[in-house]
Amino acid sequence: MAEKSVHAFVQSAPSGKEELGKVEVAPEVIEVIAGIATNEVEGVASTRGNFASGVAERFGKKVHSKGVKATITDEGEIIIDVFCSVKFGYSIPKVAKDIQAAIRQAIYNMTSIETSEVNVRIVAIQFENSAAEE
């Protein structure tokens, strides 16, 4: 079985504080922050997960990183990919820009890490349930 390599996002230490050590943030932490920020944007219906996250949610576990993938390039740049659906009636470009801004701000506020890219992929439009209207 191939071993999965784990990359961590390393924060630089403030000048004069290098002797304290380094701070590494796991990609899963970045994904959770981005997932929470995405779900707080108005117009986002849900994020797209995989089979495992769907099973976990059926058993009552909340999966905050569902639909979010964080990667680090060889140059050390952070790329966030978000897969989500938008509620019917909302402007897709506005929702996408709001998602990008919310993710960048949340990650920077919580970790002081700058993201180089936040790619938003709208995979569906969520319509209202006809049963709720009746």
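Tutor: A residue counts as exposed when its relative accessible area is over 50% and as buried when that area is under 20%, with partly exposed in between; keep this in mind as we read the predicted model above.

Student: How many aromatic pairs does a search of the whole structure find, and how should I describe such a pair?

Tutor: In general, a pair of aromatic rings is described by the distance of the centres and the angle of the planes. Here the search finds 1 aromatic pair, formed by Phe88 and Phe127, whose rings lie 5.0 Å apart centre to centre with 35° between the planes, a tilted arrangement. Phe88 sits in the loop between strand 5 and helix 3 and Phe127 in the loop between strand 6 and helix 4, so the pair ties together parts that are 39 residues apart in sequence.

Student: Are Phe88 and Phe127 buried or exposed?

Tutor: Both Phe88 and Phe127 are exposed.

Student: How many salt bridges are there in the whole structure, and what is the idea behind them?

Tutor: Side chains of opposite charge can pair when their charged atoms come close. The whole structure holds 2 salt bridges. In one of them, Asp81 meets Arg121 at 2.8 Å, N to O, which links distant parts of the chain, with Asp81 in strand 5 and Arg121 in strand 6, 40 residues apart. Asp81 is buried at 11% relative accessible area, whereas Arg121, at 37%, is partly exposed.

Student: Where in the chain do Lys94 and Asp98 lie?

Tutor: Lys94 and Asp98 lie in helix 3, 4 residues apart, and are therefore separated by about one helical turn; their salt bridge has its closest N and O atoms 2.8 Å apart. Lys94 is exposed at 51%, while Asp98 is partly exposed at 29%.

Note on methods:
Residues are numbered from 1 along each chain as its sequence is written. This is a predicted model: local features need pLDDT of at least 70, side-chain atom pairs count only at pLDDT 80 or more; totals for chains, interfaces and linings use all residues. Side-chain values use heavy atoms; hydrogens and water are left out. A salt bridge is a side-chain nitrogen of Lys or Arg within 4 Å of a carboxyl oxygen of Asp or Glu. Helices (H or I, at least four residues) and strands (E, at least two) are DSSP runs, numbered from the N terminus. Buried means under 20% relative accessible area, exposed over 50%, partly exposed in between (1.4 Å probe, protein chains only). Rings of Phe, Tyr and Trp (its six-membered ring) pair if their centres lie within 6.5 Å; planes under 30 degrees apart count as stacked, over 60 as edge-to-face and the rest as tilted.
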